[in-house]
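Hi,

Here is the structure I promised to pass on. Have a look at it first, and my notes follow below.

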Amino acid sequence: MVAVGGVLVLVFLGSTGFRHLDHALLGYLGAVLAATFGIAYRTSAFWRRPASAVYGRALLRALRDPRRLRAALAGAGRHVIGQEMIARRSRGRWLAHLLLSLGTLASFAITLPLVFGWLHFVVVDDRTYQVVFFGLPLPGHQFAIDGAVGFFMFHALGLCGVAVALGAASFLVARWRRRGEPGATSGFHVAPLLLLAAVALTGLALPASRAVPGAFHVASLLHELTVVVLLVALPFSKLNHLFIRPLQVGALVMRAAGEPRRTCVSCGADLAPAAQAAAVAGLLAERGFAFARHVEHCPPCRRRLVAAAQARMLDADFQPPLTGVRPAPPTRAEAA
């Protein structure tokens with residue numbers, strides 16, 4: 001409710017006391033408020049989970065430390081904006097996801113200020129408009145209707161719609177080709193793509209049907225309906241990963257060069273960032289999982305230790321012979 005109240009206050013201030021709210025867009029405003037409540041509730045719940053809060057705290061610490069802040073910004077540029085993790089899997093998949101994500105985010109960036117009444121245009125003369133943002137005319141932001149800026153202003157949403165439609169179509173085709181695989185065509189994966197494609201196509205139908213009033217009326221109703229469904233379903237669908245993705249930057253900060261790392265107590269091999277290993281050990285201990293010092297060994301040494309213990313129990317020779325493994329030092333309890 002705090003998030004919804006904050007949005008309403010900003011709408012009141014930006015629209016100069018609701019005077020510049022467009023009545024035709026009130027349905028979108030209601031859906032945005034519902035989405036704000038759902039996103040704030042579900043995202044805050046996810047971020048407060050113990051396993052997630054570790055990375056959230058790392059991200060907050062990075063904001064107060066210039067060295068870690070550089071690592072966080074570099075990680076955000078590569079993984080959140082550049083989506084490097086998808087490019088490593090497939091260049092085609094990366095391009096489709098880039099079209100889908102950037103087209104969707106740009107559409108929201110254009111539409112929300114209009115829905116909130118923050119942005120509107122005032123006619124200066126027959127061919128010139130003035131941009132007004134938050135009730136203030138922006139200096140130097142007058143543009144000609146038939147100029148390049150005017151073209152972009154009135155067609156930016158159309159360009160975003162084309163990008164979203166192409167990205168959604170690419171993923172739908174890819175999932176159809178993999179329809180034999182388990183879960184490839186499940187509603188969790190396919191429904192958001194169909195919804196985004198419907199929003200994009202009905203949005204593109206608006207300028208195309210402007211010359212036919214009846215068709216334009218139907219297109220506008222379908223577009224509003226699909227957008228409202230998308231906004232209300234956003235917190236409960238796969239698309240909510242947008243608000244969880246920043247936690248990955250916290251994980252990158254913990255793994256950045258220069259951060260303390262833990263090594264295997266047996267062979268000295270690199271194991272994991274010390275903060276991450278300590279967090280995992282603490283979470284496991286809270287849930288009653290006690291592995292003593294087993295977690296301080298690397299996976300190969302853990303397997304060797306298990307095999308050696310089984311060999312001792314069976315009084316058998318261990319094959320292959322144990323090499324490079326030193327007995328783990330005793331814990332404080334064992335030493336006592």
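Buried residues account for 32% of the 336 residues in the protein, where buried means under 20% relative accessible area, exposed means over 50%, and partly exposed is in between (1.4 Å probe, protein chains only). Before you dig in: this is a predicted model, so local features need pLDDT of at least 70 and side-chain atom pairs count only at pLDDT 80 or more, while totals for chains, interfaces and linings use all residues. Residues are numbered from 1 along each chain as its sequence is written, and side-chain values use heavy atoms, with hydrogens and water left out.

Overall shape

The protein has 13 helices and five strands; these are DSSP runs numbered from the N terminus, with helices being H or I of at least four residues and strands E of at least two. Its radius of gyration is 27 Å, whereas a compact globule of 336 residues would come out near 20 Å (taken over C-alpha atoms, the globule rule being 2.2 Å times the number of residues to the power 0.38). Along the principal axes, the C-alpha atoms fill a box of roughly 95 × 50 × 35 Å.

On contacts, meaning heavy atoms within 4.5 Å: take the pairs between residues at least 6 apart in sequence, and 56% of them join residues at least 24 apart. The accessible surface is about 20,300 Å², and carbon and sulfur atoms own 68% of that. Those areas come from the Shrake-Rupley method with a 1.4 Å probe, and for residues only the protein chains shown count as cover.

The two pockets

On a 1 Å grid over the protein atoms alone, a pocket is an open set of points where a 1.4 Å probe fits, with protein on both sides within 12 Å along at least five of seven lines, and lining residues have an atom within 4 Å of a point. Grid points are joined across faces, edges and corners, and the volume is the space filled by probe spheres set on the points.

The largest pocket holds about 1,600 Å³ of space. It is lined by 49 residues, and the closest to its centre are Thr111, Leu114, Leu157, Leu206 and His223. Elements giving two or more residues to this lining include helix H2 (26-47), helix H7 (148-177), helix H8 (187-208) and helix H9 (213-233), along with strands S1 (119-125) and S3 (136-144). Helix H6 (91-115) is on that list too, and H6 gives the most, with eleven residues. By class, the lining splits into 32 nonpolar, 14 polar and three charged residues. For the classes, Ala, Val, Leu, Ile, Met, Phe, Trp, Tyr, Cys and Pro are nonpolar, Asp, Glu, Lys and Arg are charged, and the others, Gly among them, are polar.

The second largest pocket has a volume of about 1,300 Å³. Of the 50 residues lining that pocket, Lys238, Leu239, Asn240, His241 and Leu242 are the closest to its centre. Helices that each supply at least two lining residues include H1 (2-14), H4 (66-81) and H5 (84-87). H6 again gives the most, this time with ten residues. The lining has 33 nonpolar, ten polar and seven charged residues.

His223 sits in helix H9 and counts as buried, at 14% relative accessibility. Leaving out residues up to four places away in sequence, His223 touches Tyr28, Val199, Thr202, Gly203 and Leu206.

Leu204, in helix H8, is partly exposed with a relative accessible area of 28%.

Ile81 belongs to helix H4 and is exposed at 59% relative accessibility. Setting aside neighbours within four places in sequence, Ile81 is in contact with Ala76 and Leu98.

Most residues other than glycine have a negative phi. Phe18, in the loop between H1 and H2, has a positive phi of about 70° and is partly exposed, with 39% relative accessible area. Gln83 lies in the loop between H4 and H5. Its phi is positive as well, at about 55°, and Gln83 counts as buried, at 4% relative accessibility.

Cheers
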